[in-house]
Amino acid sequence: MDISALIDEVIAREGGYSNHPADRGGPTHFGITQAVARANGFMGDMRALPRSVAEAIYRRLYWERPGYAFVAELAPRIAEELFDTAVNMGPATAGGFLQRALNALNRNARDYADLKVDQAVGGKTLAALGAFMQVRGRAGERVLLKALEALQGERYLALAESRPANEAFLYGWLANRIR
């Protein structure tokens with residue numbers, strides 16, 4: 001799993017500077033919102049955000065802090081999906097999706113105990129993922145990936161339904177985020 005390649009893919013998908021009137025995130029560059037840039041020490045004009053700063057933010061906030069490198073050791077495709085979901089919806093949402101999917105796929109706790117959906121990918125979540133992968137193997141990883149994408153897709157539809165301005169983004173979300 002090469003996090004640098006994943007970051008390159010996200011930046012290519014997110015593109016350069018944007019300030020769409022319907023986007024509550026305001027000015028963004030490389031997919032990094034102004035609020036996130038400010039919280040991470042960048043105080044300049046968002047049009048001038050260096051790519052290296054965006055890359056460092058992606059690595060720290062959306063890969064290292066949520067623990068996806070540990071997920072990658074067990075299930076690389078799941079780690080990739082969590083990273084992408086975290087970038088677009090936040091690490092807590094991505095972690096909650098993983099926990100919900102693992103709970104629904106544990107055959108009524110026969111394979112491993114249900115997880116508390118606290119949205120944090122910690123030791124218990126990693127242990128459940130490891131048990132899932134041991135029981136289901138790489139075919140199971142593909143099924144778990146489908147479950148994560150289904151949850152993400154449903155969230156996008158709900159966002160568009162709850163705020164009509166989000167319809168401006170729905171097609172792109174589904175085209176570029178759901179495989």
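This is a predicted model: local features need pLDDT of at least 70, side-chain atom pairs count only at pLDDT 80 or more; totals for chains, interfaces and linings use all residues.

Visitor: Where is His-20 found?

Guide: His-20 sits in the loop between helix 1 and strand 1.

Visitor: And what does His-20 contact, leaving aside its neighbours within four places in sequence?

Guide: Ala-168 and Phe-169. His-20 and Ala-168 are 148 residues apart in sequence, yet their C-alpha atoms are 9.6 Å apart in space.

Visitor: Is His-20 buried, partly exposed or exposed?

Guide: His-20 counts as partly exposed because its relative accessibility is 34%.

Visitor: OK, other histidine. Which backbone oxygen does the side chain of His-29 reach at 2.7 Å?

Guide: That's the backbone oxygen of Met-46. The His-29 side chain also reaches the backbone oxygen of Arg-47, at 3.3 Å.

Visitor: Why does His-29 count as buried?

Guide: Because its relative accessible area is 9%, and the cut-off for buried is under 20%.

Visitor: Which residues of helix 3 are buried?

Guide: Ala-54, Ile-57, Tyr-58, Leu-61, Tyr-62 and Trp-63. As a reminder, an α-helix has 3.6 residues a turn, so residues three or four places apart point the same way.

Visitor: What do those buried residues of helix 3 pack against?

Guide: Quite a list: helix 1 (3-14), strand 2 (32-33), helix 2 (34-39), helix 4 (68-74), helix 5 (76-89) and helix 6 (91-104).

Visitor: Let's take helix 1 from that list. At what angle do helix 1 and helix 3 pack?

Guide: About 115°, with their axes 10 Å apart. Helix 1 passes helix 3 in a right-handed crossing.

Visitor: Which residues make that contact?

Guide: Helix 1 brings Ile-3, Ser-4, Leu-6, Ile-7, Asp-8, Val-10, Ile-11 and Glu-14, while helix 3 brings Arg-51, Glu-55, Tyr-58, Arg-59 and Trp-63. By type, the residues of the contact split into seven nonpolar, one polar and five charged.

Visitor: Now helix 6. Why call helix 6 largely enclosed?

Guide: Ten of its 14 residues are buried, so helix 6 is largely enclosed by the rest of the structure. Among the buried ones are Gly-95, Gly-96, Phe-97 and Leu-98. The buried residues of helix 6 pack against helix 4, helix 5 and helix 7.

Visitor: How far does helix 6 reach, first C-alpha to last?

Guide: 20 Å, close to the 20 Å expected at 1.5 Å a residue.

Visitor: And Thr-93, what does that one touch, not counting residues up to four places away in sequence?

Guide: Thr-93 touches Gln-119 and Arg-155. Thr-93 is in helix 6 and counts as buried at 13% relative accessibility.

Visitor: What's phi of Gln-119?

Guide: Near 70°, a positive value in a residue other than glycine. For context, most residues other than glycine have a negative phi. Gln-119 is found in the loop between helix 6 and helix 7, and counts as partly exposed at 38% relative accessibility.

Visitor: What about phi of Ala-109?

Guide: Positive as well, about 65°, although Ala-109 is not a glycine. Ala-109 is found in the loop between helix 6 and helix 7 (123-162), and is partly exposed, with a relative accessible area of 38%.

Visitor: Last one: is Ala-35 buried or exposed?

Guide: Exposed, at 56% relative accessibility. Ala-35 is in helix 2, and its C-alpha is separated by 7.6 Å from that of Gly-25, ten residues apart along the chain.

Conventions:
Residues are numbered from 1 along each chain as its sequence is written. Side-chain values use heavy atoms; hydrogens and water are left out. Buried means under 20% relative accessible area, exposed over 50%, partly exposed in between (1.4 Å probe, protein chains only). A polar contact is a pair of N or O atoms within 3.5 Å; within protein, one must be able to donate a hydrogen and the other to accept it, and residues adjacent in sequence count only if both atoms are side-chain atoms. Helices (H or I, at least four residues) and strands (E, at least two) are DSSP runs, numbered from the N terminus. Contact means heavy atoms within 4.5 Å. Axes are lines fitted to C-alpha atoms, for helices over the stretch in contact, and angles run from 0 to 180 degrees between N-to-C directions. A crossing is left-handed if the near helix is turned anticlockwise from the far one by less than a right angle, and right-handed if clockwise. Ala, Val, Leu, Ile, Met, Phe, Trp, Tyr, Cys and Pro count as nonpolar, Asp, Glu, Lys and Arg as charged, and the others, Gly among them, as polar. The expected span of a helix is 1.5 Å times one less than its number of residues.
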